[in-house]
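Subject: Handing over the structure

Hi,

Here is the structure I said I would pass on to you.

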Amino acid sequence: MSNSEEHPSSASHPVIVSRPDHNISRKDIDPDALKVLYRLHHHGHIAYLVGGGVRDLLLGRKPKDFDISTSAHPTQIRKLFSNCRLIGRRFRLAHIYFRGGKIIEVSTFRTISEFNTEDGPIRSDNTFGTPEEDASRRDFTVNALFYNIADFSIIDYLDGLNDLKAGIIRCIGDPIIRFREDPIRMLRAVRFASLLGFSLDAASAAGISTLRNEIWDGAVPRILEEIVRMMDRGNSGAALSLLHQIGLVESILPEINSHIRKAGLNEYLDILSRLDQYGRDGTILKPWLTIAVLVYPLYHSGITGLHRPDHLKSAREVLSPIAERIQIPRKIRDTIRQSLAAQHRFFALGDRRYSRQAILRKSYFLDALSLFEMIAGGTQEGRNLISSWKEIGKGVPDRAPRPKRRRKRRRGPSPNQPSIPR
């Protein structure tokens with residue numbers, strides 16, 4: 001991949017890479033995304049493929065999403081697509097729906113709103129702008145690259161191509177300002193770096209270390225979402241190492257940070273290596289499992305040496321402060337707690353004190369066995385136990401919780417029927 005121009009990109013002089021000089025082919029772009037791009041273009045609007053889709057295509061990776069930015073305003077987009085729905089208040093987006101539940105997300109070029117300040121979160125983000133302004137308001141340079149459907153070129157306003165070649169995640173603008181606009185960007189920086197095998201530039205890493213305790217100024221549900229996303233893509237070990245290195249583990253998960261300080265990272269990296277193998281093999285990991293893997297070393301440390309530990313109580317005590325802090329939904333908490341408390345039964349295969357049938361009858365048996373694979377799969381003895389339990393558990397259905405019965409409403413007397421006195 002070579003650049004058509006020699007000078008570094010800037011808002012006024014972008015680097016434009018013509019089609020012969022880059023590797024993105026339309027055959028690698030989702031066909032429904034192409035339909036959206038072409039329709040916008042044919043109706044006189046600028047239409048670019050943007051963000052992670054362009055980044056991943058340039059790296060030879062298969063994108064998970066194909067997002068589009070355009071000069072068309074949301075109401076204009078809705079007029080062009082009957083399968084379009086507008087969502088969002090702070091950030092108005094168009095979702096265009098296709099078969100199979102696929103959604104192509106389309107946003108209008110934006111600039112930083114006049115209502116925002118430099119020392120706090122973004123409060124309004126619906127001020128429309130130019131492509132240059134839209135690139136400048138994005139988070140990292142490698143996510144600010146555009147693919148132009150009009151001539152199939154790559155447009156780079158912020159030197160993202162050079163950072164992509166160098167393997168660097170770099171904030172656009174002052175990292176302190178950008179992280180204060182949206183504190184969750186600190187976690188996104190770690191997620192992209194670990195996912196791509198990149199490093200953080202010095203300024204971005206220093207900004208995160210400085211502002212790490214301000215992560216709680218962001219939306220707490222997004223903190224949990226980002227943790228799960230960075231742990232289920234086959235790179236969880238790298239993600240945890242980087243989170244610990246820049247201090248975010250201490251800010252978000254202080255209990256786990258304390259355990260790492262005492263016991264080191266190796267125990268975590270060993271378990272996470274098996275979680276990563278599942279992710280790389282294309283296995284869709286359930287959110288509860290990624291959190292359970294993080295909590296297990298802490299739980300195991302707490303019960304080690306106890307004569308007759310109350311496993312369920314210990315699991316609850318370890319999980320509760322973490323679950324409250326990052327707002328883990330109750331259903332996921334229950335699965336994690338039950339699966340942690342069941343692990344000693346898997347290790348005790350052949351121990352007459354524990355009935356095999358008792359654990360097989362539990363609705364969470366298969367979930368707990370999934371966690372056991374992560375924990376015990378590092379030794380031959382553990383792998384033998386896993387094989388034995390899989391053989392024993394053949395035919396056990398993956399039982400989903402039964403839906404709650406809806407209570408029948410007690411109807412009052414009909415107009416023509418007198419009420420019956422009690």
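Residues are numbered from 1 along each chain as its sequence is written, and side-chain values use heavy atoms, with hydrogens and water left out.

**Confidence**

The score to know is pLDDT, the predictor's confidence in each residue, from 0 to 100. The chain has a mean pLDDT of 89, with 88% of its residues at 70 or more. Two stretches need care. Over residues 113-117, pLDDT stays under 50, and the model has eight contacts there beyond four places in sequence (a contact means heavy atoms within 4.5 Å). Residues 413-422 also stay under 50, with two contacts beyond four places in sequence. Where pLDDT is low, the predicted coordinates should not be read in detail.

**Salt bridges**

Side chains of opposite charge can pair when their charged atoms come close. A salt bridge here is a side-chain nitrogen of Lys or Arg within 4 Å of a carboxyl oxygen of Asp or Glu. How many salt bridges does the structure hold? There are 27.

Take D30 and K102, whose closest N and O atoms are 3.0 Å apart. D30 is in the loop between β1 (15-17) and α1 (31-42), while K102 is in the loop between β5 (93-97) and β6 (103-108), so this pair ties together parts 72 residues apart in sequence. (Helices, H or I with at least four residues, and strands, E with at least two, are DSSP runs numbered from the N terminus.) Is D30 buried or exposed? D30 counts as buried, at 16% relative accessibility, and K102 as partly exposed, at 26%. The cut-offs are under 20% relative accessible area for buried, over 50% for exposed, and partly exposed in between (1.4 Å probe, protein chains only).

Another pair is R222 and D182, with closest N and O atoms 3.2 Å apart. R222 sits in helix α9 (residues 220-231) and D182 in the loop between α6 (175-181) and α7 (185-196), so parts 40 residues apart in sequence are tied together. R222 is partly exposed at 30%, and D182 is buried at 16%.

R229 and E225 pair too, their closest N and O atoms being 3.8 Å apart. These two are four residues apart in helix α9, about one helical turn. R229 is partly exposed at 23%, as is E225 at 42%. Finally, salt bridges with shared partners join D30, D32, K35 and K102 into one network.

**A loop residue**

A150 lies in the loop between β7 (145-148) and β8 (153-156) and is partly exposed, at 43%. The C-alpha atoms of A150 and H41 are separated by 6.9 Å, although the two are 109 residues apart along the chain.

**A pocket lining**

Which helices each supply at least two residues of the lining of the second largest pocket? They are α13 (266-280), α14 (287-303) and α16 (330-347).

Happy reading!

Technical notes
This is a predicted model: local features need pLDDT of at least 70, side-chain atom pairs count only at pLDDT 80 or more; totals for chains, interfaces and linings use all residues.
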